[in-house]
Amino acid sequence: MNTVSGSTLVGGGPIHVLATVEERAIMTDGTAPVRVRFAPSPTGFLHIGGVRTALFNWLFARHHGGQFILRLEDTDEKRFVAGAANDIVASLRWVGLNWDEGHDVGGPHAPYIQSQRHELGIYQAHVEYLLKTGWAYKSFVTPEAIEEMKTAAMARGVKSFRFRGPERDWSLEQMAAEEAKGTPYTVRLKVPTDGVTEFHDLVRGGEEISIENDTLYDIVLLKSSGMPVYHLAHLVDDHLMEMTHIIRGEEWVPSTPYHIILYHAFGWRLPIFAHVPNILRQDGRGKLSKRKDDVATNRFWERGYLPEALRNYLALQGWSYDDRTEMMTLDELIERFTIDRVQASPARWNPDKLLDMNGKYIRMLAPDELAARLLPFLSRAELIGDPPTADERAYVRQLVPLVHERLKELSEAPDLLVCFLREIEPPAADLLIQKKMDADGTRAALEAAAARLEAVEPWDRAILEETLRVLAEALGLKTGQLFGTIRVAATGSKVSPPLDETLEVLGRARALQRIRAATAVL
RNA sequence: GCCCCCAUAGUCUAGCGGCCUAGGACGUCACCCUUUCAAGGUGAAGAUCGCGGGUUCGAAUCCCGCUGGGGGUACCA
């Protein structure tokens, strides 16, 4: 029996082809610690769908009082992107997830980065075992040759080509001889050619998912570079790291049979599988893609989304609690999240819903908190300093009530508040002139308003409103007409927070100066 | 092509044989509130539960077929 990194390589226990119903129950009844993982590949920014899968794993672990592990699967040398790991970590933390074990926090099963585990020889040792037991073989056929075999087979009328290496029946000696010649090779799994492979899925419930082995092929386990492929590496690590449940995207369902066969080959007990539904694009045509959709998690912050809103929305992509509860705190999600309520059918990305939820979360924020979250956006728009001065902070805090229930994205704040933080150009005459009014009437109204506002005491929104209402009546104007004109004059825009509050926060001097400047335009 | 999975309004979903004249949310529309925009309130439209067969006294709920959608089909994960 080989021992690798302190873990038993191959157990001598019984082969569990399927975890029994009883075992599945035991593994989630709290008597056995639940251990799940999120294992992203550092090939770019973290996809929003990845966050959803991570969230489900995390909620599952927390719900059952188990452990959540982060593992980096960087066995693809070609697609590796420097810095991606940092982005993934930052994105996960941003939405509020933490992990009990991982490359950055350590843990009893370190290392948690596959390239490092590869260097330790972990995968190679496991492959040796498969080779020795006849579950794998070295294949010297080149990719080009396989391609030729495929076209030839198709030409012969074979409906689907399943590659099985001619070396399947070679002896270890034959393989060694070929290897000695220096011929490059891959190691492939010797997949049974008959019978069926079946497994149970927590999300799909009901019957076992069953696949005819003759529709499978001999997958590569070790690339010619010696680097393991996902199918081998993730499985060895999941076993060594003692995962009890594998919660992953449904795109893995088709390759699960290979994994079952591998577990069988190693004589390991199966973990429990739960394939969570994909998130489809808005139009339903395919799953969200990095190329076509705005799915970079790290972009949601700058787009003005609150992590709690994104997290809540994501929790509802493929999972629901009941027929009406949608807004849930982290603790509520943990308490309520169970796999049996995860949907088997794909969800669809719905930006409108996310936006609505974000608005709701913004409205739930305490004013001080919203002010704090708004500062970076205002700084980025260069409306305040970076970092902001104490005066700027205080002023922004004053502005919060004006936009609090009007924001759906924090990123909208600069546009809404620019007129308070910057001087404005005098507005165009046609903007100032309200319905059923003309230039003369508008000028007269603004002049009268300026006169009244000059004298108002104190400069308080209730007084301001009352003053202007009285004025409107005196001028024979509708409140909407007078307020509209002053609004444009004071803010440069037809849309603004309520005029009384706007004037109050603007201050008498600036308000009057702007109204007078506008009057001059007419 | 082959294999696998899925199927309730435009979208997300509740429903797990009778509580359903199918509930909630987003979106849409109308009205109310109102100084604009939001927010909030009220209400409406929108689903013959994809289609066709069964099982059953009874089916959105169970079974089969079809259709449709999605996923997979790499020395990527």
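A residue counts as buried when its relative accessible area is under 20%, as exposed when that area is over 50%, and as partly exposed in between. The structure shown here is a predicted model, and the terms just given can be applied to it residue by residue.

Take His-245 to begin with. His-245 has a relative accessible area of 2%, so it is buried. This residue belongs to strand 10, which covers residues 245-249. The side chain of His-245 is in polar contact with the side chain of Thr-244, at 2.7 Å.

Glu-242 sits between helix 8 (230-240) and strand 10. With a relative accessible area of 49%, Glu-242 is partly exposed, because that value falls between the limits of 20% and 50%. The backbone of Glu-242 has a phi near 60°, a positive value in a residue other than glycine.

Lys-436 has a positive phi as well, of about 60°, and Lys-436 is not a glycine either. The loop that holds Lys-436 runs between helix 17 (429-432) and helix 18 (439-455). Here the relative accessible area is 83%, so Lys-436 counts as exposed.

Lys-436 is also part of a group on the surface. Together with Lys-435, Lys-478 and Lys-494, Lys-436 forms a patch of positive charge there.

From like charges the text turns to opposite ones. Side chains of opposite charge can pair when their charged atoms come close. In this model the count of salt bridges comes to 33. Which residue forms a salt bridge with Asp-201? The partner is Arg-204, and the N to O distance between the two side chains is 3.8 Å. The cut-off for such a pair is 4 Å, so this one is counted as a salt bridge. Asp-201 is buried, with 1% relative accessibility, whereas Arg-204 is partly exposed at 28%.

Arg-281 and Asp-293 form another salt bridge, in which the closest N and O atoms are 3.0 Å apart. Both residues lie in the loop between strand 12 (279-280) and helix 10, so the pair ties together parts that are 12 residues apart in sequence. Arg-281 and Asp-293 are both buried.

A further pair is found within a helix. Glu-369 and Arg-373 make a salt bridge with an N to O distance of 2.8 Å. The two residues are 4 residues apart in helix 14, which means that about one helical turn separates them. Glu-369 is partly exposed, at 35% relative accessibility, and Arg-373 is partly exposed too, at 21%. Salt bridges can also share partners: in this way Arg-37, Arg-71, Glu-73, Arg-117, Asp-237 and Asp-238 are joined into one network.

Helix 14 covers residues 367-380, and the loop between it and helix 15 (390-403) contains Pro-387. What kind of peptide bond joins Asp-386 and Pro-387? The bond is cis, with an omega of about 5°. There is also a cis peptide bond between Ala-110 and Pro-111, where omega is about 0°. Pro-111 is located in the loop between helix 3 (84-94) and helix 4 (114-119).

Trp-301 is in helix 10, residues 297-302, and is partly exposed at 31% relative accessibility. How far apart are the C-alpha atoms of Trp-301 and Ser-411? They are separated by 9.0 Å, while the two residues are 110 residues apart along the chain.

Thr-338 gives a second example. This residue is in the loop between helix 12 (330-336) and strand 13 (347-348). Its relative accessible area is 21%, so Thr-338 counts as partly exposed. Thr-338 and Phe-80 are 258 residues apart in sequence, and their C-alpha atoms are 34 Å apart in space.

Notes:
Residues are numbered from 1 along each chain as its sequence is written. Chains are lettered from A and ligands numbered from 1 in the order in which they are written. This is a predicted model: local features need pLDDT of at least 70, side-chain atom pairs count only at pLDDT 80 or more; totals for chains, interfaces and linings use all residues. Side-chain values use heavy atoms; hydrogens and water are left out. Patches are made of residues with over 30% relative accessible area and no salt bridge: like charges are joined within 9 Å, nonpolar side chains (Val, Leu, Ile, Met, Phe, Trp, Tyr) within 5 Å. Accessible areas come from the Shrake-Rupley method with a 1.4 Å probe; for residues, only the protein chains shown count as cover. Lys and Arg count as positive and Asp and Glu as negative; His and the chain ends are not counted. The place of a charge is taken as NZ of Lys, CZ of Arg, CG of Asp or CD of Glu. Buried means under 20% relative accessible area, exposed over 50%, partly exposed in between (1.4 Å probe, protein chains only). A polar contact is a pair of N or O atoms within 3.5 Å; within protein, one must be able to donate a hydrogen and the other to accept it, and residues adjacent in sequence count only if both atoms are side-chain atoms.
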